[in-house]
Amino acid sequence: MTAAPARRDPARRVPNRRRSLGEWYADPFRRPRVLAATTWIYIAWSIVPVLVAIRISFNAGRSRSSFQGWSLRWWTGDPAAALRDPQLLTAMRNSLWLGVLTMIVATPLGVALAIGLVRWRGYGRRPANVMMLVPLVTPELVMGSSLYLVFTTLLTAVELGRGAQLLGHVTFTISYVVVIVRGRLLTIGRDFEDAAHDLGATPIQALRTVLLPLLGPAIFASLMIVFATSIDDFVISAFLQGDASSETVPVKIYAGARRAPTPALNALATAMMLITFTAIVFAMVLPRALRRGRPDDGGSAVEDFAALDL
Amino acid sequence: MPGVLWLVALFLVPAYAVVALAAGGQDPVFGDATAEWRPWRWQFTTIGDALAGMMPGGDQWGPMGRTLAYVAIALAACFVIGYPVAYYVARYGGRRRGLLLALLLAPFWISYLMRMLAWVNLLQVDGYVNDLIDVMPGLGRVAWLDGRWTTVVMGLVYGYVPFLILPLYASLDRIDGRLLEASRDLGVGPVRTFVHVTMPLSRQGMLAAGVITALPMFGDYYTQNLLSASPRTSMIGNQIEFYLRQGSGNQYGSALVLVLSALLAVLMGYYLWSTDRAAKEVR
């Protein structure tokens, strides 16, 4: 290992002496260039296609494969543009409503479930905790098809469509809430609540004045993540979809990806992506910003979501 | 905490009812085309048919065998790509770790459909990928989206590699760097250090990450449909989707779901068992 000290101490380095491959290989302090290159190539590979798709949404021509100059034609200009075509608008409205409703229903359920699971002593605790993870690892196809069968054979009162989609989305997003909130609960511990009890608070008071504020950031993060997951979900929405009136954006993308003649679909996908990203950024930034007072307002859609809960 | 417990019971029961329905939803449809609620009246012929069909030689073997092959190849490719990335970020992330993790997380928040749409754009006959290939001499434009299994497998890898990298990263991150230094100090080369120290220590993480990546691949039908849509590359998920949503084969379709879930339950069970064990070690 003669190479190692030589490399760390330039003064002792013999000029013009190139290290042999073997020495370079044996040097434990060499920089991991191959690994670094792999990582950055991977990251480029994972993100560049999406950037290309976004750029195509600003295409001036009809082509979805080659770029012919910048324009907003497929966002607002053309009659078939993302923000003008009635079908695409319906899909967007459906997705947003589904996301918001899922968020409102699944988050409180998940929080209560998480508190219950953490406080649950005695038999059945571990199986129940494991059970909560099952929806996370179940392939969506299995979940979607079984929910589809439930709603078409057992619970026929629920018609396929928005209602069934909402129930399905709540079912698979609750687990995310539970996992996030439970993790936070375990780090908080019981001490604060016990102190509240010692000071004469009833369990409900302790929950409201101590535990829920402490859980605030986790709950907020859950809200945003549920919203983002619900908006991005395709399989369950597709299986539980009734007629065209309950199509969501991912369903629309799926149906049109191969057939759609224009980049309007790219614009639609980009719009939804922006909304998801805003939600996620909010989930990370807002709890911090709130401490300093009212945060700046972001996109118009996100304003509404934030206002719904804060 | 009686109040909270009561609250929880009230929420727990319906939540569990939903979960139980979701999990047990296939069962009722065993018997006739209409649901049969009495388990002692169940007939298992359709399930038997589905099971036999998915075995080699059966009429579902084509899609099933392809599914197994695609998932195996895609999973191997995921490891080849994902392991170095996870290793690099865990060991050498340094100051850029936050940025790297954010970039690795980004695909999670881009809709899967959006990511596939991007490839549909790129892989058109006059798309950018073919533009690149065209530059090289001797290679013509390729109709990538015309039922090529390579495209489907590439799509699966592209879609699911993030699911592999993150758990793998978490497990590699927990490895004590001093163990690797100790190995190097004892004069062991980098390859042997990797094989004898890093690999065994990350085996749990590799298995868990492999399972969590393979599970959704088995249930995938949309990637195949978007990137190929040819019966030559159809997967078992396509069959299920076809029988349930497009045809009137509810019964056969649900039997296929059941058999597939039974196969996957082994993988899921393993994953849940290993996370449960990991959670116990932490406490």
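Modeller: Let's start with one residue: B:Met116 counts as buried, with 25 C-beta neighbours inside 10 Å. Keep in mind that we are looking at a predicted model.

Biologist: Happy to. Where does B:Met116 sit?

Modeller: B:Met116 belongs to helix H5 of chain B, which covers residues 112-122.

Biologist: And how do I read "buried" here? Which number makes the call for B:Met116?

Modeller: You count the other C-beta atoms around a residue, and 20 or more within 10 Å means buried. B:Met116 has 25 such neighbours, so it qualifies.

Biologist: Which residues does B:Met116 touch, leaving out those up to four places away in sequence?

Modeller: From chain B, the list holds B:Gly155, B:Gly159, B:Thr223, B:Leu226 and B:Leu227, and from chain A there is A:Ala257.

Biologist: Let's move to helix pairs. At what angle do H13(A) and H5(B) pack?

Modeller: For a pair of helices, look at the angle and at the distance between the axes. For H13(A) and H5(B) the angle is about 25 degrees and the axes are 9 Å apart. Angles under 35 degrees count as roughly parallel, and H13(A) and H5(B) are therefore described that way. The crossing of this pair is left-handed.

Biologist: Which residues make that contact?

Modeller: A:Pro250, A:Ile253 and A:Tyr254 come from H13(A), while H5(B) brings B:Leu113, B:Met114 and B:Leu117. By type, the contact has six nonpolar residues, no polar and no charged.

Biologist: Why is H13(A) described as largely enclosed by the rest of the structure?

Modeller: Helix H13 of chain A spans residues 249-256, and seven of its eight residues are buried, so the rest of the structure largely encloses it. The buried ones are A:Val249, A:Pro250, A:Val251, A:Lys252, A:Ile253, A:Tyr254 and A:Gly256.

Biologist: What about a pair within chain B? How do H4(B) and H7(B) cross?

Modeller: Helix H4 (residues 97-109) and helix H7 (residues 149-173) of chain B cross at roughly 135 degrees, and their axes come within 9 Å. That angle makes H4(B) oblique to H7(B). The handedness of the crossing is left-handed. On H4(B), the contact uses B:Leu104, B:Pro107 and B:Phe108, and on H7(B) it uses B:Pro162, B:Ile165 and B:Leu166. The tally is six nonpolar, no polar and no charged.

Biologist: And in chain A, what is the handedness of the crossing of H5(A) and H11(A)?

Modeller: The crossing of H5(A) and H11(A) is right-handed. Helix H5 of chain A covers residues 86-119 and helix H11 covers residues 203-232; they pack at an angle of about 140 degrees with axes 8 Å apart. Among the contact residues are A:Gly99, A:Met103 and A:Gly110 of H5(A), and A:Leu215, A:Ser222 and A:Phe227 of H11(A). This contact divides into 11 nonpolar, seven polar and no charged residues.

Biologist: Let's step back. How many helices and strands does chain B have?

Modeller: Chain B has 13 helices and zero strands. Of its 283 residues, 43% count as buried. Among its contacts with a separation of 6 or more, 67% link residues 24 or more positions apart.

Biologist: Finally, what is the mean pLDDT of chain B?

Modeller: The mean is 72, and 72% of the residues of chain B reach 70 or more. Over residues 1-43 of chain B the pLDDT is below 50, although this stretch has 67 contacts in the model beyond near neighbours in sequence. Where pLDDT is low, the predicted coordinates should not be read in detail. For the model overall, the scores are ipTM 0.72 and pTM 0.74.

Definitions and conventions. Residues numbered from 1 in each chain as written. Chains lettered and ligands numbered in written order. Predicted model: local features only at pLDDT ≥ 70, side-chain atom pairs only at ≥ 80, totals over all residues. Axes fitted to C-alpha atoms, helices over the stretch in contact; angles between N-to-C directions. Helix = DSSP H or I, 4+ residues; strand = E, 2+ residues; numbered from the N terminus. Left-handed = near helix turned anticlockwise from the far one by under 90°. Contact = placed C-beta atoms within 7 Å. Nonpolar A, V, L, I, M, F, W, Y, C, P; charged D, E, K, R; others polar. Buried ≥ 20, exposed ≤ 12 C-beta atoms within 10 Å, placed from the backbone. pLDDT = per-residue confidence, 0-100. Parallel < 35°, antiparallel > 145°, perpendicular 65-115°, else oblique.
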